[in-house]
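Here is a friendly briefing to read alongside the model. Please keep the viewer open while you go through the points.

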There are 4 protein chains.
Amino acid sequence: MSKIQFQCDYNEGAHPRIIQALTETNMYQTPGYGEDEFCSEAREVVKEVCGRPDADVHFLVGGTQTNATVISSVLKPYQGVLCAASGHINVHETGAIEHGGHKVLALPASEGRISGTQIRAAMASHLAEDGPEHMVQPGMVYISFPTEIGTIYSLSELRDIRSACDEYSLPLFIDGARLGYGLMSDACDLTIKELASIADVFYIGGTKQGALFGEAVVITRESLKKDFRYCIKQGGGMLAKGRLLGIQFRELLRDGLYFELAAKADSQAMRIRDAFKAKGYSFLVDSPTNQQFPILTAEDIERLDRDFAFSIWQKIDEDHTAVRFCTSWATLDASVDRLIASI
Amino acid sequence: MSKIQFQCDYNEGAHPRIIQALTETNMYQTPGYGEDEFCSEAREVVKEVCGRPDADVHFLVGGTQTNATVISSVLKPYQGVLCAASGHINVHETGAIEHGGHKVLALPASEGRISGTQIRAAMASHLAEDGPEHMVQPGMVYISFPTEIGTIYSLSELRDIRSACDEYSLPLFIDGARLGYGLMSDACDLTIKELASIADVFYIGGTKQGALFGEAVVITRESLKKDFRYCIKQGGGMLAKGRLLGIQFRELLRDGLYFELAAKADSQAMRIRDAFKAKGYSFLVDSPTNQQFPILTAEDIERLDRDFAFSIWQKIDEDHTAVRFCTSWATLDASVDRLIASI
Amino acid sequence: MSKIQFQCDYNEGAHPRIIQALTETNMYQTPGYGEDEFCSEAREVVKEVCGRPDADVHFLVGGTQTNATVISSVLKPYQGVLCAASGHINVHETGAIEHGGHKVLALPASEGRISGTQIRAAMASHLAEDGPEHMVQPGMVYISFPTEIGTIYSLSELRDIRSACDEYSLPLFIDGARLGYGLMSDACDLTIKELASIADVFYIGGTKQGALFGEAVVITRESLKKDFRYCIKQGGGMLAKGRLLGIQFRELLRDGLYFELAAKADSQAMRIRDAFKAKGYSFLVDSPTNQQFPILTAEDIERLDRDFAFSIWQKIDEDHTAVRFCTSWATLDASVDRLIASI
Amino acid sequence: MSKIQFQCDYNEGAHPRIIQALTETNMYQTPGYGEDEFCSEAREVVKEVCGRPDADVHFLVGGTQTNATVISSVLKPYQGVLCAASGHINVHETGAIEHGGHKVLALPASEGRISGTQIRAAMASHLAEDGPEHMVQPGMVYISFPTEIGTIYSLSELRDIRSACDEYSLPLFIDGARLGYGLMSDACDLTIKELASIADVFYIGGTKQGALFGEAVVITRESLKKDFRYCIKQGGGMLAKGRLLGIQFRELLRDGLYFELAAKADSQAMRIRDAFKAKGYSFLVDSPTNQQFPILTAEDIERLDRDFAFSIWQKIDEDHTAVRFCTSWATLDASVDRLIASI
């Protein structure tokens with residue numbers, strides 16, 4: 001464990017304040033399954049942060065579970081979910097969506113993103129079919145913010161996606177496993193309130209942003225709210241000691257800790273990006289968030305690998321490979337300094 | 001929250017040693033998804049405790065998730081799982097097993113239990129059908145130890161179930177959400193090693209026995225081991241910070257804490273049972289574990305409800321209702337004393 | 001093949017008029033998938049017969065497929081279907097409903113029937129749960145008319161079921177695999193139009209009543225109509241040469257052939273019933289339709305088995321077994337005469 | 001209906017010999033569900049034609065049903081099926097495979113085909129993943145022969161696919177909805193016996209080749225045979241009057257009618273192809289079977305549309321569109337003559 005870790009954003013436990021909150025509340029006696037006071041308070045905080053007093057808020061443990069539960073609750077059996085080909089549900093969830101009976105309708109991604117134009121084209125093409133019932137009907141849209149490779153959507157891009165969804169009555173689901181890192185990016189031109197007014201359902205990721213685990217699902221569209229707790233339970237996502245989720249999200253969101261931690265990690269990532277850029281390295285993608293994908297030679301990789309842990313991401317050509325460096329709420333400035341010194 | 005809680009065995013957080021272990025290891029950097037050293041160590045401890053160095057051990061977050069994942073991994077699409085009608089998977093998991101495509105084949109329960117005889121009869125009846133392929137084929141057996149109403153199987157009963165399973169090549173899965181409370185009961189005549197030699201797959205429940213959450217799945221049958229991690233991931237049960245599970249189970253099992261806590265809770269439950277018995281109350285069932293189901297009148301309930309929280313379980317007749325009192329690792333002797341004084 | 005067949009109601013091909021219609025139209029060129037003129041005409045005939053010009057009518061090949069398709073189209077993922085324990089979907093479809101993700105919520109059957117009272121009790125009990133989301137939510141009701149053992153519901157029983165469904169917003173689905181035999185029974189006090197005004201969706205069975213195959217699904221509830229063709233296709237039930245279904249149902253229903261054939265088979269069954277009764281035999285159930293279940297001794301069975309094929313249904317006691325004699329559109333009067341002579 | 005139909009290969013009923021066979025056997029009394037003598041005889045004929053006396057043969061009604069049933073019977077829950085992106089299961093079955101829980105793992109198609117090289121690359125890439133359990137595991141290979149756009153595989157291409165499958169223990173499933181048209185093509189260098197020795201499971205399509213409906217599944221790999229009838233029943237594919245399938249396949253295969261009809265349709269398609277070629281038209285793809293895809297201008301289409309029905313397939317550019325002309329067992333030489341005259 002002596003290497004400095006830039007491998008992912010879930011290498012450590014939780015922010016000390018989370019640990020402290022869990023410790024202090026440990027012997028409180030509460031009802032199970034999220035019906036406790038901590039969850040109630042956390043729900044109120046989430047609604048306030050999102051500017052959506054009308055929203056339903058639920059807490060689940062992990063991302064794959066959350067994606068599968070939300071999507072299964074929204075779609076009819078013959079419907080599929082439009083998604084970037086690089087989307088997490090299409091690639092890295094062992095077919096959890098298909099296990100629930102639904103096709104992931106992959107659209108070519110542009111730096112991890114899809115566009116309103118692609119959504120309109122997919123729907124128009126489906127409806128223009130002579131016999132559309134022979135094909136899976138697109139029934140919702142899934143996007144990640146930020147995307148799996150760290151890029152983000154602009155407010156106008158999101159509004160265009162929203163408007164495409166409205167034209168075809170498609171609910172819009174935003175995977176926010178790294179939501180904070182996206183919203184706090186210097187390149188981001190929207191607030192969480194704007195995002196909450198655009199998405200029909202989205203989640204605020206805790207696992208990768210300071211919590212031990214946990215994703216806070218926010219449902220703003222009325223028609224998607226009904227019986228969601230049945231869906232959570234059926235999908236195995238209803239934590240017996242649901243309070244653990246309430247305690248964590250209350251702590252993360254009550255005074256802005258969540259966003260502070262994300263902003264710090266983003267700024268560390270920018271320092272790493274700038275250091276690689278200054279040395280003339282190019283990148284797989286221009287990411288303004290906590291994941292950076294410089295393209296290195298085999299020697300570079302071997303050299304940096306001595307002291308730092310990072311992920312091999314994608315072979316670019318014979319001689320070059322894109323790698324991933326992640327910062328997180330837990331990354332020390334000193335670690336970034338040492339990395340920059342080594343670049 | 002001023003009432004003394006006997007409502008369930010997951011009202012509190014975790015045993016202080018668990019909290020301490022999580023706190024001490026909090027800033028360690030580890031790989032995700034259960035591939036860390038804590039999980040490795042915990043797996044070794046589990047194998048040793050079970051006397052099964054050959055077993056595969058996996059850690060999941062909750063019971064419904066674990067049941068759905070194991071059963072989905074064992075059955076072929078046209079197979080169902082034999083189970084007591086009162087079994088958790090048949091009643092309290094919102095159809096998670098059916099969501100995975102399988103019928104729960106409910107057998108009449110005798111105090112929460114089924115027997116080898118019932119399994120043999122179900123199989124014989126299926127095979128005697130003229131056209132068995134028109135019916136769901138029984139493909140495995142699920143039992144709970146202890147059962148959902150606190151009863152346990154004797155060693156000879158389990159051996160008979162095992163032998164029925166062998167006769168028909170049915171894997172046997174034991175839900176051990178409250179395993180410790182069963183094994184430490186004075187009425188229990190088997191050890192965890194014997195149980196591990198009888199089940200093909202079972203789990204050691206953490207959620208209800210001292211952990212924040214967590215179920216340790218032990219797979220002893222070779223043919224059930226392959227690719228189980230795919231199943232966990234697909235079912236949404238692969239915790240990103242899997243170490244949290246490893247840390248907890250290592251702590252619970254490394255020196256017998258798990259069994260100590262269970263034994264204590266059982267003995268408290270016996271005190272409660274004896275107090276009700278001494279006053280002439282009868283019981284829904286004679287449970288030798290941490291759940292007790294005395295049958296009370298409306299006045300009894302009203303009176304006890306002033307100071308104690310407990311569950312209304314089942315209406316018996318016009319005037320009587322069975323209720324549930326649970327003890328747990330967190331129950332104080334003083335709380336039991338007060339309850340007994342009030343009985 | 002020398003025994004006279006009373007084994008089931010699908011021993012032969014189709015009524016000669018069906019064969020003739022298929023032969024005459026054989027070389028017509030039509031579009032596929034039920035979008036041809038024969039299907040259009042058949043749809044009109046079905047709507048007229050049912051007195052429901054507003055209904056949607058679809059043709060599928062077989063009963064299991066139809067049940068699975070309809071139920072999957074109606075339920076949300078966490079919902080199940082209320083059904084008699086003896087219902088076809090619960091017993092004889094190899095878990096097709098569970099394969100689609102849904103639990104069959106079996107209610108004790110009274111001679112194959114369930115009642116409005118049972119439906120109300122099931123819903124009230126579900127809603128009274130402390131935490132109903134831990135259990136499968138009843139989402140629709142399935143009954144068979146006639147039932148799997150030949151009994152029928154009276155108009156008032158159906159109206160009570162309808163009213164129970166209305167109280168809890170449950171769609172009512174009637175499996176009419178043998179619909180004609182039920183409606184033409186002397187004991188039946190309702191018409192197909194009344195049935196069509198009670199059910200939200202039902203089907204007119206062809207396979208067992210004169211067609212080579214085919215079930216005509218009639219959807220009267222507006223909210224169940226949308227996108228049903230997607231469901232049919234996804235479930236594998238969209239016949240490429242859909243015209244085969246249209247031709248058959250047009251022929252069966254255009255001038256009452258369907259009902260004539262059923263009435264004849266029912267009257268033959270009554271002759272068989274009376275003959276057994278006259279000899280003092282008792283019955284498993286008092287069936288007024290084409291299936292009769294006399295209780296015979298081993299010697300009776302051996303004797304009748306020499307000349308007649310029939311089904312062994314259910315052991316009653318050491319010495320007695322209920323068997324099934326079926327008549328159908330194809331049963332000859334002479335065959336019934338010979339059977340009666342042998343009784 | 002006055003236009004001459006080249007729209008698809010299922011515009012008519014069945015070859016007259018099929019109709020005659022169904023008529024002659026109509027009043028025979030047989031057991032249901034494929035356990036009759038006609039099915040037995042047909043199974044023997046299929047095995048002989050395929051040179052596989054050891055094979056299991058089952059008859060299903062339609063293609064989507066057959067694909068879903070076979071794939072569901074082969075895969076484990078976390079596995080997917082490798083397939084050309086243009087494969088029928090990926091595009092035109094309304095997600096039937098996903099409804100059964102499995103991801104279709106689409107590979108880029110080369111004129112409708114995939115290669116052994118692609119299969120090896122997909123498997124190698126999966127296995128090289130750091131954490132393959134986060135992705136769907138390829139569990140079988142599906143190809144169509146001929147493909148959805150009429151192309152075929154050469155014997156050496158199939159052998160290479162077979163060998164790739166063997167290297168990674170992947171069962172190979174060949175969709176033969178138009179099998180005869182492929183095997184009888186002048187461009188085809190393999191026999192049905194060779195195909196049967198390469199595939200682990202495949203089917204001989206009846207619906208598009210002279211039958212009213214029906215697909216004959218041939219399972220040659222021992223491990224895939226077990227309990228397949230359960231899968232058929234669960235998937236809704238077990239025809240009550242299974243004899244209808246037996247009668248049709250017996251008739252089609254007992255003296256080579258199936259292959260004669262296919263050869264004739266192929267030769268008619270070649271005449272159409274040559275006529276377009278002679279006039280300088282190019283094609284979407286060089287198809288040696290009964291489907292032809294010439295690329296036409298809007299005026300061409302308008303002109304031909306007056307007298308002929310055909311399918312609009314795919315827009316090529318502003319001015320050009322690929323269309324599809326199908327021949328079948330029912331196509332008259334005179335119709336082809338008239339089409340050629342109009343080209």
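In which loop of chain A is the place of Asp227(A)? Asp227(A) sits in the loop between β8 (215-219) and α10 (228-234) of chain A. Before going further, please bear in mind that this is a predicted model.

**Positive phi values**

- Asp227(A) is a residue other than glycine with a positive phi, near 60°.
- You will find Ser169(D) in the loop between α7 and β6 (172-175) of chain D.
- Ser169(D) has 9 C-beta neighbours inside 10 Å and so counts as exposed.

**Cis peptide bonds**

- In chain A, Phe145(A) and Pro146(A) are joined by a cis peptide bond with omega of about -10°.
- Pro146(A) belongs to the loop between β5 (137-144) and α7 (155-167) of chain A.
- In chain D, the peptide bond from Phe145(D) to Pro146(D) is cis, and omega is near -10°.
- The loop that holds Pro146(D) runs between β5 (137-144) and α7 (155-167) of chain D.

**Domains of chain A**

- Chain A splits into domain 1 (4-10 + 258-342) and domain 2 (16-254).
- Between the C-alpha centres of domain 1 and domain 2 of chain A there are 27 Å.
- Where the domains of chain A meet, 19 residues of domain 1 are in contact with 20 residues of domain 2.
- On the domain 1 side of this contact, helix α12 (residues 257-278) of chain A gives the most, with 7 residues.
- That side of domain 1 of chain A is made up of 12 nonpolar, 5 polar and 2 charged residues.

**Chain D against chain C**

- Here 40 residues of chain D are in contact with 39 residues of chain C.
- On the side of chain D that touches chain C, at least two residues come from each of α1 (16-24), α3 (63-74), α5 (96-99) and α10 (228-234) of chain D.
- By class, the residues on that side of chain D are 17 nonpolar, 20 polar and 3 charged.

**Helix packing in chain A**

- Helix α2 (residues 37-50) and helix α11 (residues 243-253) of chain A have axes that come within 8 Å and cross at roughly 40°.
- α2(A) and α11(A) are therefore oblique to each other, and their crossing is left-handed.
- Residues in this contact include Phe38(A), Val45(A) and Val49(A) from α2(A), and Leu245(A), Ile247(A) and Phe249(A) from α11(A).
- The contact of α2(A) with α11(A) comprises 10 nonpolar, 1 polar and 3 charged residues.

**Helix packing in chain D**

- The axes of helix α12 (residues 257-278) and helix α14 (residues 333-342) of chain D come within 9 Å, crossing at roughly 5°.
- α12(D) is therefore roughly parallel to α14(D).
- Gln268(D), Arg271(D), Ile272(D) and Ala275(D) of α12(D) meet Val336(D), Leu339(D) and Ile340(D) of α14(D).
- Sorted by class, the contact of α12(D) with α14(D) has 5 nonpolar, 1 polar and 1 charged residues.

How values were computed. Residues are numbered from 1 along each chain as its sequence is written. Chains are lettered from A and ligands numbered from 1 in the order in which they are written. This is a predicted model: local features need pLDDT of at least 70, side-chain atom pairs count only at pLDDT 80 or more; totals for chains, interfaces and linings use all residues. Domain bounds come from an automatic or database domain assignment. Two residues are in contact if their C-beta atoms, placed from the backbone, lie within 7 Å. Helices (H or I, at least four residues) and strands (E, at least two) are DSSP runs, numbered from the N terminus. Ala, Val, Leu, Ile, Met, Phe, Trp, Tyr, Cys and Pro count as nonpolar, Asp, Glu, Lys and Arg as charged, and the others, Gly among them, as polar. A residue is buried if 20 or more other C-beta atoms lie within 10 Å of its own, exposed if 12 or fewer, and partly exposed in between; C-beta atoms are placed from the backbone. Axes are lines fitted to C-alpha atoms, for helices over the stretch in contact, and angles run from 0 to 180 degrees between N-to-C directions. Angles under 35 degrees count as roughly parallel, over 145 as roughly antiparallel, 65 to 115 as roughly perpendicular and the rest as oblique. A crossing is left-handed if the near helix is turned anticlockwise from the far one by less than a right angle, and right-handed if clockwise.
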